[in-house]
Amino acid sequence: MNCVIVKDLSRFGRDYIESGRYLQKLFPALSVRFIAITDHYDSFRADVSESGIVLPIKNFINDSYCRDISAKVKSQFEVKRKNGECLASFAPYGYRKSENNKNRLVLDEYAADIVRKIFAWKIEGMAVISIAKKLNSLGILSPKEYKKSMGENYTGGFSGAVRSQWGNTTVKRILTNETYLGHMIQGKREKINYKLKKSVDKPRDEWVKVQNTHEAIISEDQFRTVQNLLKTDCRVSTVTEKNGLFTGILFCRDCGEQMIRRINRYKDTQKIYYICSTKNRGEGCSRHSIQEEQLKEMVTELTRHYANAFLEEKKVFEKALEMEANFESIVRYDTEIARLKEEQDKYYLLCSSLRNDLKQGVVTKDEFERLYSDFKRKAAEFEEARQKQQEMIKEVFRNGVISAARLKMMQSCSELKEIDRSTLCSMVKKVSVLENRRLEIEFYYRNQYHIMQEANQRLQELREKQPTGAYGSACMSSK
């Protein structure tokens, strides 16, 4: 090759660094002639000013045009993301692109049903690896193969296998995908700049999340339960390929480790009990031993008691709501908000004291800056927590305490005879075993329960202070 001819410099390249390297180093070294017709440039006839000044400036302008176009496209994509439009080339498994609007997701009923089964199996006690094995044994196509079978030109990040199958990573990716809640989450990655194809992960707080953009496949409760179970995904029984009833939920109160299930067989009888895994490994702690039947009875009884107490508080709370009371005042008397405010004030007081210490020479300037920034950060964290608590209280007042699905579950639990895995995972977040067969249970919806308790207690106090018939006006004026 001894000559390169282009229409203009932008047709040769828009990266001024690479273009300059070719035009000013590589081509002259190889005696290659370069001609840009509309820019009236010929390397064999160009003088020093054209080669050294005009050419780099034109390349830089072409590069700037590229940068401007990139910024405009990026801005347009950002607008689309904030509007909840799907920009991905392919829809997530369980959905497909709408025929009328390629930026909108609609249900793919067959794949959506598989997603529901995956979540249900996880709640029932199956480990991630067992779910993958079951899907493969049933002959269900993996997401990649399913997209191919639907005629989509889809290629994954890995190749080599004749046919891809379900694996742990694929199943876990589905179990942690918030898209199945009906929310559009995009902008998780971004390119370093317009000149490179390499992308990097963005912090979670910078992701673009738009709620209720498409039909949900699973409920918020199912998703929340599964996320909690995934934190302690354990080995499964070789016989049932399922976790035990309390796996991922039962913990030792003292060391925080999981309790493990043991079977003691003697002749034709067997006794099933749980012990602390730390003690089982001989690394300290104590056994915290408790029989499975006794544990079931206690958890069933406490769950039934919690459900009844919740429903009773809800009944009182909803009666108060019907009276159109002004609940803004109750926010000021919430104990959690009061505690957070007290903690926040404590750190602001420390910041003030620190300034005096600096003036008196008690601390150095470096120590002051380090401690002051820490105290300010802590105060800001408590302020954020306080605002979240306030918003949660107002949300309960605006939209009700509990959804219809949750209410139905609560009513079922109030008449519970024996607890099963699905009910347990839906109601109980954590069971801690103390010495002497004592239990501590952390239930879901306890924030709503405490809010109702606070509100009912506050309303009762107002009711007792006012004469009969003046309750409604008392609540309205209590702000």
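I kept in mind throughout that the model is predicted.

**Entry 1: helix α2**

I began with α2, which has 14 residues. From its first C-alpha to its last, α2 reaches 19 Å, close to the 20 Å expected at 1.5 Å a residue. I still found a kink in α2 of about 35°, centred on Tyr22.

Next I looked at the two ends. Just after the helix, Ser31 has a positive phi of about 60°.

Which residues of α2 are buried? I noted Ser19, Gly20, Leu23 and Phe27. They pack against β1 (3-6), α1, β2 (33-36) and α3.

**Entry 2: helix α3**

My next stop was α3, which runs over residues 48-82 and has 35 residues. Its reach from first to last C-alpha is 51 Å, close to the 51 Å expected at 1.5 Å a residue. Here too I found a kink, of about 30° at Val54, shortly before the proline Pro56.

I listed the buried residues of α3 as Leu55, Asn59, Asn62, Asp63, Ser64 and Arg81. Their packing partners are α1 (9-12), α2 (16-29), β3 (41-42), β6 (184-186) and β9 (208-210). After α3 comes Gly84, with a positive phi near 80°.

**Entry 3: the cysteines**

How many disulfides does the structure hold? I found zero. I then checked Cys252, whose closest cysteine sulfur is in Cys285, 3.7 Å away. Cys252 is buried, at 2% relative accessibility. I also looked up Cys86, which is buried with a relative accessible area of 3%.

**Entry 4: the nonpolar cores**

I reminded myself that in soluble globular proteins, nonpolar side chains tend to be buried together. In this model, the largest nonpolar core has 69 residues. The ones with the most contacts inside that core are Tyr93, Ile118, Phe119, Leu135, Trp166, Val171 and Tyr180. Helix α4 (residues 109-124) gives the core its largest share, eight residues.

Leaving out residues up to four places away in sequence, Tyr180 touches Tyr93, Tyr95, Val115, Phe119, Ile174, Ala216, Ile217 and Ile218.

Last, I noted a second, separate core of 11 residues, including Val4, Leu23, Ala36 and Ala46. Leu23 was already in my notes as a buried residue of α2.

Methods:
Residues numbered from 1 in each chain as written. Predicted model: local features only at pLDDT ≥ 70, side-chain atom pairs only at ≥ 80, totals over all residues. Heavy atoms only, no water. Helix = DSSP H or I, 4+ residues; strand = E, 2+ residues; numbered from the N terminus. Expected span 1.5 Å × (residues − 1). Bend = angle between axes of the 7 residues up to and from the residue. Buried < 20%, exposed > 50% of the residue type's maximum accessible area, 1.4 Å probe, protein only. Contact = heavy atoms within 4.5 Å. Disulfide = S-S within 2.5 Å. Core = buried A, V, L, I, M, F, W, Y, C linked by side-chain atoms within 4.5 Å.
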